[in-house]
Amino acid sequence: MKIAILSDTHGLLRPQVLEHLKTADAILHGGDINKQSIVDELQQYAPLYVVRGNNDKEWAEGIPHDLTVTLDGVTFVMVHNRKELPADLSGADAVVFGHSHKYVQEERDGLLWLNPGSCGPRRFHQEITMMMADVSGGKIQVEKITIPHEAT
């Protein structure tokens with residue numbers, strides 16, 4: 001199973017991101033979507049699992065603050081700001097979060113911590129990134145995807 005992991009799109013779905021979504025069996029979005037039309041577009045590619053970010057206001061009231069989903073034997077706990085994670089992470093294999101726009105892929109205490117960075121408008125002079133993950137039989141392999149951009 002191929003999973004696209006993205007966050008902090010802030011109202012922008014780049015063409016390069018859409019190319020990766022075409023191969024996805026599921027999409028995990030770590031919040032700061034900014035508008036319903038982005039959710040609608042993402043849902044056209046694959047089943048979408050999404051959490052609400054701090055910039056997702058009234059329009060996103062139906063989107064959960066945090067979410068736990070199991071895909072092909074891997075249990076993901078999702079939240080926008082990692083400081084707001086649920087206290088109980090038992091049973092989780094991976095934590096997906098966003099907010100900082102900084103790419104993180106590290107294993108700590110038996111958990112895989114994944115922040116795909118931001119693939120929306122470029123901010124803070126950071127690279128534009130997302131993740132593609134291969135999940136099979138309870139195992140996960142993550143690939144960092146760097147999206148080319150104009151220097152600013």
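Modeller: Happy to; what follows is a short exchange about a predicted model.

Biologist: Let's start with the aromatic rings. How are the planes of F97 and W113 arranged: stacked, tilted or edge-to-face?

Modeller: The centres of F97 and W113 are 6.3 Å apart, and the cut-off for a pair is 6.5 Å. Their planes make an angle of 70°, and over 60 degrees counts as edge-to-face. The count of aromatic pairs comes to 1. So, by the plane rule, the arrangement of F97 and W113 is edge-to-face.

Biologist: Which residue places its charged end over the ring of W113?

Modeller: A charge counts as over a ring if it is within 6 Å of the ring centre, among other conditions. Here the charged end sits 4.9 Å from the centre of the W113 ring. Another such case has K144 over the face of Y103, at 4.7 Å from the ring centre. For W113, the residue is R108.

Biologist: How many residues of strand β5 are buried?

Modeller: V74, F76 and M78 point one way from β5, T75, V77 and V79 point the other way, and all are buried. β5 pairs with β4 in the antiparallel sense over 6 bridges, and 3 bridges join β5 to β6, with the two running parallel. In β5, the buried residues number 6 of 6.

Biologist: Which residue takes a positive phi in the hairpin of β4 and β5?

Modeller: T70 stands opposite T75 in β5. The hairpin has 2 residues between the strands. The phi in question is near 50°, and the residue is D72.

Biologist: What is the bridge partner of A4 in β2?

Modeller: The other open sheet to look at has 5 strands in the order β3-β2-β1-β9-β10, again with mixed pairing. In this sheet, β1 and strand β2 (residues 26–29) run parallel and are joined by 4 bridges. The partner of A4 is I27.

Biologist: And the packing on that sheet: what angle does the direction of α2 make with that of β3?

Modeller: Helix α2 packs on the sheet and touches β1, β2 and β3. β3 is one of the edge strands, pairing on one side only. The angle between the directions of α2 and β3 is about 145°.

Biologist: Last one: how many residues does the largest nonpolar core have?

Modeller: Those with the most contacts inside it are A4, L6, V17, L21, I27, L42 and M130. Elements giving two or more residues to this core include β1 (2–6), α1 (15–21) and α2 (36–43). Apart from it lies another core, of 18 residues, among them I3, V69, M78 and A94. For the largest core, the number of residues is 23.

How values were computed
Residues numbered from 1 in each chain as written. Predicted model: local features only at pLDDT ≥ 70, side-chain atom pairs only at ≥ 80, totals over all residues. Heavy atoms only, no water. Phe/Tyr/Trp six-rings, centres within 6.5 Å; stacked < 30°, edge-to-face > 60°. Lys NZ or Arg CZ within 6 Å of the ring centre and 35° of its normal. Core = buried A, V, L, I, M, F, W, Y, C linked by side-chain atoms within 4.5 Å. Buried < 20%, exposed > 50% of the residue type's maximum accessible area, 1.4 Å probe, protein only. Pairing = 2+ DSSP bridges. Contact = heavy atoms within 4.5 Å. Axes fitted to C-alpha atoms, helices over the stretch in contact; angles between N-to-C directions.
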